[in-house]
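Try each task before you read its solution.

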Amino acid sequence: MRWRTSFIPTIKEEPSDAEVTSHRLLVRAGMIRQVSRGVYDFLPLALRTLRKIEAIVREEMNRAGAQELLMPVTSPAELWRDSGRWDVYGKELLRFKDRHERDFCLAPTHEEIITDLVRRDVRSYRELPMNLYQIQTKFRDEVRPRFGLMRGREFIMKDAYSFHLDREDAEREYHNMYDTYRRIFSRCGLRFRAVEADSGAIGGSLSHEFQVLADSGEDALAACGACDYAANVQKAESRLTSVESGGGSDAPPETVPTPGLKTVPEVSEFLNVPPERFIKTMIYRKPSGGLLAVLVRGDHEVNETKLGNLLDTIAMEMADEDEVQQAVGAPPGFLGPVGLPLEVWADHAVEGMTDAVTGANRADAHTIHVNQPRDFTPARFTDLRLVEAGDPCPRCETGVIEEYRGIEVGHVFYLGRKYSEAMGATILDAEGQERVMEMGCYGIGVTRLMAAAIEQNNDADGIIWPLSIAPFSVELVPLNYKEESVREVTEGIYQGLSEAGREVLLDDRDERPGVKFKDADLVGVPLRVTIGAKGLAKGIVELRWRGEGATSEVPVDEAVERIGAALDNGRA
């Protein structure tokens with residue numbers, strides 16, 4: 001491919017709306033352009049990388065025994081009503097009506113369509129197990145699309161769905177896909193970690209995310225430094241830590257004035273009581289109606305994902321100040337569990353707390369010397385808090401939790417019967433009995449993976465593509481293409497590499513060397529070959545790996561062979 005006749009509109013200026021490195025570099029390198037918020041054109045270089053990622057995904061999915069198909073982007077509402085998700089998925093589901101006033105949506109995921117397909121055409125246990133996958137465009141109407149391809153509204157995803165006679169076989173395929181994903185991300189040249197995860201709107205009881213490790217990642221990860229435990233913080237389990245009582249645990253509750261002091265840090269300083277001896281009271285709306293009080297220790301935060309899972313909803317909402325005032329008679333910031341006229345759930349760390357500080361359920365006042373269970377008894381104790389760095393590991397006795405940042409690029413779920421039962425996807429077993437199929441679901445964000453690779457592989461000059469997913473493997477940079485000797489050697493190397501099946505980008509523009517070098521670093525082709533008159537006078541061309549300062553010289557008559565060997569070995 002020749003640069004002069006290619007569409008590679010690089011720019012020097014930093015895009016004003018780019019918040020993360022991948023967005024900035026993809027725009028500057030002439031790889032994407034925004035159509036509307038969260039929706040992008042993919043230009044030729046980006047598309048080449050996407051196709052390489054897709055090829056790796058296809059090879060490994062086929063190797064694992066999955067079969068590729070293609071499902072429509074549009075999905076009729078009746079399928080979503082069959083699964084029960086039409087009314088609960090939320091505003092991310094872009095709904096519309098056709099000319100006949102029938103309801104449709106742009107599918108953000110395809111559980112409904114694939115389950116409908118299988119329930120109509122698969123009859124016998126002999127046809128199982130079956131794993132079907134596609135690489136398809138999805139649409140999710142994100143409330144705040146941002147970070148370029150990291151959180152867009154329209155994106156490309158590989159999604160696979162497996163169907164089984166029983167749970168044992170479903171879990172076998174789950175682990176097969178887990179291993180397949182490890183191969184995929186390793187082949188893409190990424191540093192990643194598989195972590196336990198929440199299933200969210202997809203559902204299911206067994207779930208792992210594959211996270212590319214990057215400081216710019218949106219997701220917070222919790223991992224033990226002493227064992228293999230790792231989880232998204234939304235899923236990470238907490239383990240109790242002991243908190244010393246402040247003494248006076250037998251004293252009766254006492255209300256003290258705290259004028260204008262609402263937050264734990266403010267009241268902690270005012271009363272000279274450490275935050276871990278506070279009990280925070282948060283009021284949420286229940287999906288079924290009414291309000292629910294949630295208690296956590298003063299130095300902890302509510303994990304709304306855990307709470308939502310217990311209430312079977314994907315989006316928890318806190319009650320507003322008017323609702324709280326009407327229900328309790330006090331504003332937020334002064335709430336407490338003693339005498340609270342609401343259902344109360346509490347985190348395990350609250351159980352048995354003594355000499356605690358809580359809100360007094362009236363403005364500008366808190367209550368001290370509160371003991372559980374003497375002064376209040378929640379309807380339920382459960383794990384409701386976010387883990388933090390330094391917490392003890394929930395799986396081993398010696399480790400502590402460390403925090404990382406990650407970019408989710410893949411997710412595997414064991415769905416069980418969530419969709420098959422709701423939608424009547426059944427088969428006949430060996431005894432002729434009708435049974436509901438077990439399901440699994442396995443997704444990879446193809447466009448997000450491209451962005452994540454850049455977040456993990458870049459420097460001040462531009463992208464540093466892993467060789468396996470780079471748009472081109474090698475770039476030829478003639479310093480004066482008009483000079484006959486330079487042009488002849490460049491064309492010979494270009495022809496030889498092309499005939500050998502190498503993917504070559506030839507910068508044949510009439511530009512200064514500095515411009516060509518800057519653009520080469522910006523687009524990030526792994527191996528750069530510089531051809532100049534001075535080098536040719538010595539009978540050599542220069543090889544340089546992107547991101548490395550050193551160059552190596554190879555004889556012109558060995559250039560094609562030596563470049564090929566360098567690409568095969570990953571070094572010059």
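**Exercise 1. List the residues that line the largest cavity, then sort them by class.**

Step 1. Met-150, Arg-151, Glu-218, Asp-219, Gly-406, Ile-407, Glu-408 and Arg-448 line the largest cavity. A cavity here is a set of points, on a 1 Å grid over the protein atoms alone, where a 1.4 Å probe fits but cannot get out, and lining residues have an atom within 4 Å of a point.

Step 2. This is a predicted model, in which local features need pLDDT of at least 70 and side-chain atom pairs count only at pLDDT 80 or more, while totals for chains, interfaces and linings use all residues. Residues are numbered from 1 along each chain as its sequence is written, and side-chain values use heavy atoms, with hydrogens and water left out.

Step 3. Sorted by class, the lining of the largest cavity has two nonpolar, one polar and five charged residues. Ala, Val, Leu, Ile, Met, Phe, Trp, Tyr, Cys and Pro count as nonpolar, Asp, Glu, Lys and Arg as charged, and the others, Gly among them, as polar.

Step 4. Strand S21 (residues 401-416) contributes the most to this lining, with three residues. Strands (E, at least two residues) and helices (H or I, at least four) are DSSP runs, numbered from the N terminus.

Step 5. The volume of the largest cavity is about 40 Å³, taken as the space filled by probe spheres set on the points, with grid points joined across faces, edges and corners.

**Exercise 2. Which elements each supply at least two residues to the lining of the second largest cavity?**

Step 1. Start from the lining of the second largest cavity: Ala-520, Asp-521, Val-525, Arg-528, Arg-544, Trp-545 and Arg-546.

Step 2. Helix H12 (513-523) and strand S30 (540-545) are the elements that each give at least two of the residues.

Step 3. By class, this lining has three nonpolar, no polar and four charged residues. The space inside is about 30 Å³.

**Exercise 3. Describe how helix H2 and helix H10 cross.**

Step 1. The axes of H2 (residues 44-63) and H10 (residues 446-456) come within 10 Å and cross at roughly 110°. Axes are lines fitted to C-alpha atoms, for helices over the stretch in contact, and angles run from 0 to 180 degrees between N-to-C directions.

Step 2. H2 is therefore roughly perpendicular to H10, a term for angles of 65 to 115 degrees.

Notes. On a 1 Å grid over the protein atoms alone, a cavity is a set of points where a 1.4 Å probe fits but cannot get out, and a pocket is an open set with protein on both sides within 12 Å along at least five of seven lines; lining residues have an atom within 4 Å of a point. Angles under 35 degrees count as roughly parallel, over 145 as roughly antiparallel, 65 to 115 as roughly perpendicular and the rest as oblique.
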